[in-house]
Amino acid sequence: MTVDAGSATQERDDNPVNREGEHPAEPEQQTQQEQPEQSDRSPQAEPAKPTRGRTKSSARKTRAVVLTLTVTGTADGEWQAELKHGSKWVAKGLDIPASAVSRAAKELHEELSAPIDEVINEAREQQQAKVAQLEAELEQAKQALAELQS
């Protein structure tokens, strides 16, 4: 068997040398150690190649939780909430104060709070008008009672 001096030197330079200056006895270990480095390096170091066909949706990987919160209000300023998880009702017909609805809308988004605040303000004005009307009726009833007592 003949060995080329250039190839022998190259082999010796490629093989790691232990502390005593000897080459390792098991060349398979060197190959096994180098292979993971190469396999780790090749897919991550190279840019992703475009694949043909349909790409997978990320929606399949992440589980979406579907909660439906419905908040309804009346012109009188009464608010109710209902919560549905998928197709199952969690809560129905819960009475909610208008101030809580307004605060929640402001926390969620400005686009939600502006229309809700308009509805709440209209309901407030209607209630103030109703209170003024009832106070006038109460005053008339007090006068009628005072006339009957004299």
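A pocket is an open set of grid points with protein on both sides within 12 Å along at least five of seven lines. With that in hand, let's work through some exercises on this predicted model.

**Exercise 1. Describe the largest pocket: how much space lies in it, and which elements line it?**

Step 1. Start with the volume: the largest pocket holds about 230 Å³ of space.

Step 2. Next, find the elements that give two or more residues to the lining: these are strand 1 (67–73), strand 2 (79–85), helix 3 (98–108) and helix 4 (110–149).

Step 3. Now look for the biggest contributor. Helix 3 gives the most, with 5 residues.

**Exercise 2. Sort the lining of the largest pocket by class: how many residues are nonpolar, polar and charged?**

Step 1. Sort them. The count comes to 12 nonpolar residues, with no polar and no charged ones.

**Exercise 3. Work out the order of the strands in the open sheet, and find which strands stand at the edges.**

Step 1. The sheet has 3 strands in the order 1-2-3, and their pairing is antiparallel.

Step 2. Strand 1 and strand 3 (88–96) each have a single partner strand, so they stand at the edges and one side of each has no neighbour in the sheet.

**Exercise 4. Follow the bridges from strand to strand: which residues are partners?**

Step 1. Strand 1 pairs with strand 2 over 7 bridges. Here Leu69 has Leu83 as its bridge partner, and Thr72 has Gln80.

Step 2. Strand 2 is joined to strand 3 by 6 bridges. Gln80 turns up again, standing opposite Asp95 in strand 3, while Ala81 is partnered by Leu94.

Step 3. Look at the turns. The hairpin of strand 1 and strand 2 has 5 residues between the strands, and Gly77 in that turn has a positive phi of about 90°. In the hairpin of strand 2 and strand 3, 2 residues lie between the strands, and Gly86 has a positive phi of about 70°.

**Exercise 5. Search for contacts made by rings: how many aromatic pairs are there, and what sits over the ring of Trp89?**

Step 1. A search of the whole structure gives 0 aromatic pairs.

Step 2. Turn to Trp89: the charged end of Lys92 sits over its ring, 4.6 Å from the ring centre.

Notes: Residues numbered from 1 in each chain as written. Predicted model: local features only at pLDDT ≥ 70, side-chain atom pairs only at ≥ 80, totals over all residues. Heavy atoms only, no water. 1 Å grid on protein atoms, 1.4 Å probe; cavity = no way out; pocket = protein on both sides within 12 Å on 5 of 7 lines; lining within 4 Å. Points joined across faces, edges and corners; volume = space filled by probe spheres on them. Helix = DSSP H or I, 4+ residues; strand = E, 2+ residues; numbered from the N terminus. Nonpolar A, V, L, I, M, F, W, Y, C, P; charged D, E, K, R; others polar. Phe/Tyr/Trp six-rings, centres within 6.5 Å; stacked < 30°, edge-to-face > 60°. Lys NZ or Arg CZ within 6 Å of the ring centre and 35° of its normal. Pairing = 2+ DSSP bridges.
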